[in-house]
Every structure is written in C-alpha cells, then in structure tokens.
Amino acid sequence: MSIVPQDDPEPVAIERTAPPNRQPTVSSAPSATTTGTRGRRHQALMRLRGDIPRSVHLGLAALGVLVLLGGWALLATSMGSESFLLPTPAEAWAAGVDLYRSGDLMADLSASGRRIAIGYGISIVIGVAFGVLIGSFRSAAAFVEPQVALLRYIPASALTPLFLLWLGIDEAPKIALIVVGTVFYNILMVADVARAVPKELVNASYTLGAGRLTILRRVLLPYSWPGIIDVARVNLAAAWLMLVVAELLAAQQGLAFRVVRAQRFRQVDTMFALLIVFAAIGLVSDLALRALRNRTAPWSEGSR
Amino acid sequence: MTGVIVEAVTKSFRAGRGVDPLVALDGVDMHIDAGELVSIVGVSGCGKTTLLNIVGGLETATAGQIRIDGDLIVGPGPDRGMVFQGYSLFPWKSVTQNIAFGLECARWPKARRQGRIDELLGVTGLTEFAGHRPDQLSGGMRQRVAIARALAPEPDVLLLDEPFGSLDAQTKRVMQDFLLSVQARTSATILLVTHDVSEAIYLSQRVYVMASRPGRVLEEIAVPFGSVRGPAVLRDARFLDLREEIEELLHAPSPLASSSSEQAIPAQAAPPLPPPVPL
C-alpha cells in the first residue's frame with residue numbers, strides 16, 4: 001500500500017550467495033574467482049514464514065482438498081461388506097443431488113439458516129452492546145463481567161429441557177438456545193476488542209472536544225469494528241453447534257433434523273451429504289465475513 | 001492575552017501498601033505566555049509527560065493548579081490541542097476526516113469547516129494527501145496530520161509530547177522547521193515536551209530543565225535567538241554553550257536520588273544497518 005517513498009519497501013529476501021557472473025572460471029584473474037558460497041540456501045517453499053507465490057498457494061490448497069477426498073475414497077472402497085457405513089464421495093454427492101432435487105435441502109437450509117440468522121443476530125447485537133460497555137467503562141466491567149463469567153460455564157445444551165418447558169417446542173427455544181450458547185462468548189470477546197483501543201486515541205479525542213458518547217460512537221466502535229467481525233466469525237461455529245443440539249431434540253425441518261432422519265433410514269450417503277453442506281456453509285460464511293472485514297476496514301492490520 | 005500558568009503542581013502516585021507514594025511532580029511552577037514556544041526537557045521519568053497531561057486535563061494534579069487566561073483547568077477540552085508521540089490518528093479516517101473531527105465536535109458549520117480544513121492542509125503541505133488514510137502516509141506526514149488536527153479547532157495552546165521522538169534524524173529536522181513555520185503563521189502558544197536538548201533550544205524561546213525523583217524544575221533558561229531560526233543557529237557558539245549547560249544540568253548527579261540508576265538516555269539509537277548486498 002506504499003504510496004509515499006518513505007514507507008518501508010516490501011521485504012525482499014536477499015540471496016547472500018555470489019551472483020552467476022562470478023562463477024569460478026579458470027581463465028579469470030585470481031581476485032575475481034569465487035572460492036565458495038556463504039550462508040545456507042533455502043528452498044523457497046520451506047523457508048520459515050517465507051512468502052510463497054499466489055499460484056503455489058492455490059495449488060497447495062487444491063492439493064490438500066484432493067488428498068482429503070482421495071483418502072476418503074480409498075477408505076470407502078476398501079470397506080468391503082461394511083461399505084454401506086462409509087459411502088464414497090461420489091455416492092455422497094449423488095445423495096446430495098437427490099436431496100436437492102426433492103426440495104428438502106433448500107427447505108432445511110432455509111429453516112436452519114433462519115434460526116441462525118435470528119439467534120446469532122440477537123447474540124451479536126447483545127454481545128457488541130455489552131462488550132463495548134464492559135471494554136469502555138471499568139464500572140460496567142466490574143458489574144457485568146463476574147455475572148457473565150459465571151453464567152458462561154453453564155453448558156447451554158443443558159438448558160434445552162428448561163427452554164422446551166418454558167418456550168414450547170416451536171422456534172423460540174431453538175433461537176434461545178443459539179443466543180444463550182454464544183452470547184457470553186461474544187460479550188467477553190468483544191469486551192477484549194474494545195479494551196484494545198489505544199488509550200491515546202481516546203485521550204486525543206477528548207482533547208479534540210469529543211464527549212464520552214461521541215467517543216463511544218465515533219471512536220471506540222469504528223476502531224473495534226474489524227475485531228468485532230473477527231469475533232462474529234469465530235463464534236459462528238458455536239452457533240451452528242447449538243443449532244444442531246436444538247434440531248436434534250425437536251424439529252420438523254432443518255439440516256440437523258435431516259441428519260437424524262437419514263440415520264433412521266440408514267441413509268449414510270445422505271448423512272455425509274448433509275455433513276458436507278455444514279462444512280460448506282461454514283467455509284462460505286467464513287470467507288464472507290473475511291471479505292466484509294477487508295472491504296469495510298482496509299486500514300486494519302490483518303485486512304488484506 | 002492568553003497564557004498558561006502552572007502553580008505549585010504536585011502529583012504523587014500510590015506505589016502500594018506500606019510504600020511511600022511516588023512523587024512524580026513536586027511543586028512545579030511554570031508560565032507560558034501567549035504566542036510563546038516553551039520547551040520542557042528532562043530525562044525519562046522526570047514527570048514531564050505527566051505535567052503535560054495535567055495541562056491537557058487528561059490527568060489531575062494531587063495539589064496545585066493550572067490556569068489558562070485565568071480559567072482553572074479541570075478536564076480536557078478543545079482549547080488545548082494535544083499531539084502525542086504515537087500520532088494517535090483515527091486509522092479509518094482520511095487526512096481530511098481526521099482534521100475535521102475536532103471541528104465536527106465543536107459543531108462548526110459545514111462551509112466554514114471545509115475552509116478551515118483547506119487552510120490547514122495548505123499550512124501542513126498535505127493538500128495532495130487529503131484523501132489518504134494514515135497507514136498510507138510516512139511517519140513525518142502522520143505527525144503533520146496530528147498537528148493539523150490539533151490546530152483545527154483553534155486551540156489557545158498546543159501541547160506536544162515528544163512529537164518527533166519516533167522520526168528519523170532528517171525527518172525530525174524538517175518537522176522542527178515545519179513547527180516553527182506553523183508557529184510563525186498561526187502565532188500559536190506551544191508547550192513542547194522533549195528529551196532532545198538541541199530540539200528544545202532550536203525551537204523555543206524558553207526552556208524549562210526538569211530533574212527527576214521527584215520531578216521538579218531545575219532551571220528556566222531563556223534562549224537568546226530571535227524568532228528567525230535556521231541552520232546558522234545550530235552552529236552559533238551560544239547554541240553550543242547552552243546545549244552544554246543544559247546537558248550538564250540534566251546529567252549532574254541528583255542530590256536526592258542515588259545516582260547509580262539515573263543514566264542519560266541517548267537521544268536516539270542508531271537504526272540497524274541493512275544487510276550488505278554482494279557486488
């Protein structure tokens with residue numbers, strides 16, 4: 001991003017070996033001969049924390065996925081009589097296509113997606129509000145943090161029976177479970193993000209005439225924004241975990257419900273297809289949140 | 001006429017149970033007249049930054065008071081612009097938006113705001129970089145943005161805390177002349193904290209020399225050069241004498257502190273040399 005000449009140039013690895021025009025030759029003068037090399041030459045790919053070209057990066061990533069699929073296929077074909085327990089990738093894919101064609105996949109996806117969107121959305125809003133308060137005011141931290149620290153050790157899944165009792169078997173208990181299973185982590189992690197705002201930045205804002213509310217809204221929040229996205233990205237996995245717990249217990253629709261149903265009919269290939277859908281959703285949402293961070297906070301370290 | 005008056009300011013920190021409180025500042029008296037550029041020099045730990053923060057309203061004095069134009073300082077405000085060593089710019093805001101922040105807080109009307117920003121961009125030579133973010137600027141430029149931002153709401157006093165401490169020697173020189181030009185054009189009242197004796201003499205009309213343990217004013221020294229400064233000043237015999245005098249004051253063993261742990265801090269460590277490239 002350097003636009004100004006004073007900025008540090010991109011680090012360039014300097015090869016500390018003699019350049020080729022100094023190769024030892026019999027005919028050249030003694031002073032110009034190379035007697036050896038100094039320093040250890042490193043393979044580009046194996047240099048500790050060294051950069052690799054983008055093409056190599058993508059190639060290695062693709063290779064990794066292929067190795068995973070290949071291992072799976074190899075294992076599945078070697079199962080013999082037990083082969084119904086582990087479908088091949090092709091069988092899982094076919095089962096997934098069937099599920100899609102029947103319309104069930106999209107219905108389940110939208111049911112589960114809706115629960116996550118509402119539940120995790122509520123969790124993020126509460127997490128940001130309380131987290132920023134805790135991170136900004138010592139008094140809020142003193143009051144709220146012990147409560148949160150205590151409550152988060154109650155396993156959210158253990159609350160499922162209680163929520164079913166209180167909220168019935170509709171959407172409410174499922175959404176509540178997602179909120180409770182993630183909100184405490186969101187609060188504590190956002191609080192850490194807000195605490196990491198440099199004190200000097202707050203002081204500078206004060207000396208520019210900003211009041212506390214202005215600083216909260218116009219300094220602390222924007223500075224914390226990329227960190228908040230990171231927190232949301234990390235804890236999204238926990239939201240899906242709670243969704244699965246909720247759908248396993250009582251649901252007529254949803255991805256995890258579909259997994260249980262497939263298990264009842266011994267449709268292992270369908271189960272695998274659904275597991276891959278879970279993985280794909282995770283990957284896509286992760287990439288989407290990274291992209292959001294890069295787009296909305298290009299100034300932040302870690303955004304590229 | 002505005003001026004800053006520091007009256008018997010004392011600041012102590014509780015060091016722990018059963019331990020005597022740490023006295024960071026002990027009865028400091030100072031005055032900075034309107035339009036004056038005054039420096040505070042002292043070794044690390046003499047409380048000079050604490051004093052500046054108290055003037056800025058970011059810390060409170062244990063005893064004593066600070067008045068500006070007769071008003072008692074009780075907290076931070078836009079009448080005292082501050083510039084910190086670490087720039088502390090808003091990293092997500094452009095240069096223009098950074099400078100605009102104080103004006104928005106003071107509810108300047110939009111048209112007047114833009115005029116003020118343009119003026120400051122011109123003064124600081126940043127017009128071309130108005131739309132850049134701080135991470136796209138060099139250290140010297142960032143500090144110029146910080147100074148422009150602090151000057152924007154037209155403060156009575158500009159407080160600078162080691163503003164050029166993290167810049168390389170060449171950039172530092174340029175920035176010092178820049179500060180002088182800003183003062184000449186805006187006739188701002190400036191209080192500068194630095195550990196660089198040459199910088200203090202080169203820039204100031206007066207220098208307060210502080211000692212540590214407890215932090216106190218050792219000497220108030222008037223700098224004999226007029227408002228026109230330049231390379232000639234640096235070679236002036238009086239400049240060299242003054243520098244020697246202040247260095248001696250700073251490094252003389254303190255009668256109150258055990259001298260062993262108090263070492264002069266070198267102005268700036270030399271940056272590591274780049275690795276040699278074979279020819």
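**Exercise 1.** State which residue of E4(B) is the bridge partner of Val4(B), and describe how E1(B) and E4(B) are joined.

*Solution.*
Step 1. Val4(B) has Ile68(B) in E4(B) as its bridge partner. Strands, labelled E, are DSSP runs of at least two residues, and helices are H or I runs of at least four, both numbered from the N terminus.
Step 2. Strand E1 (residues 4–13) and strand E4 (residues 63–68) of chain B run antiparallel and are joined by five bridges. Two strands pair if DSSP finds at least two bridges between them.

The model is predicted: local features need pLDDT of at least 70, side-chain atom pairs count only at pLDDT 80 or more, and totals for chains, interfaces and linings use all residues. Residues are numbered from 1 along each chain as its sequence is written, while chains are lettered from A and ligands numbered from 1 in the order in which they are written.

**Exercise 2.** Give the strand order of the open sheet of four strands in chain B, name its edge strands, and find the helix that packs on the sheet.

*Solution.*
Step 1. The order is E2-E1-E4-E5, with antiparallel pairing.
Step 2. Strand E2 (22–32) and strand E5 (71–72) of chain B pair on one side only, which puts them at the edges.
Step 3. Helix H1 (residues 48–56) of chain B touches E1, E2 and E4 of chain B. Contact here requires C-beta atoms, placed from the backbone, within 7 Å.
Step 4. The direction of H1 makes about 120 degrees with that of E1(B). Axes are lines fitted to C-alpha atoms, for helices over the stretch in contact, and angles run from 0 to 180 degrees between N-to-C directions.

**Exercise 3.** Explain why E6 and E10 of chain B each have one side without a neighbour in the sheet.

*Solution.*
Step 1. The open sheet of six strands has the order E6-E7-E8-E3-E9-E10 (chain B), with mixed pairing.
Step 2. Strand E6 (80–83) and strand E10 (216–222) of chain B stand at the edges with a single partner strand each, so one side of each has no neighbour in the sheet.
Step 3. From one strand to the next, the twist averages 20 degrees.
Step 4. E6(B) pairs with strand E7 (residues 157–161) of chain B in the parallel sense, over four bridges. In this pair, Gly81(B) stands opposite Leu158(B).
Step 5. Helix H4 (residues 139–151) of chain B packs on the sheet and touches E6 and E7 of chain B, its direction making about 170 degrees with that of E6(B).

How values were computed
Contact = placed C-beta atoms within 7 Å.
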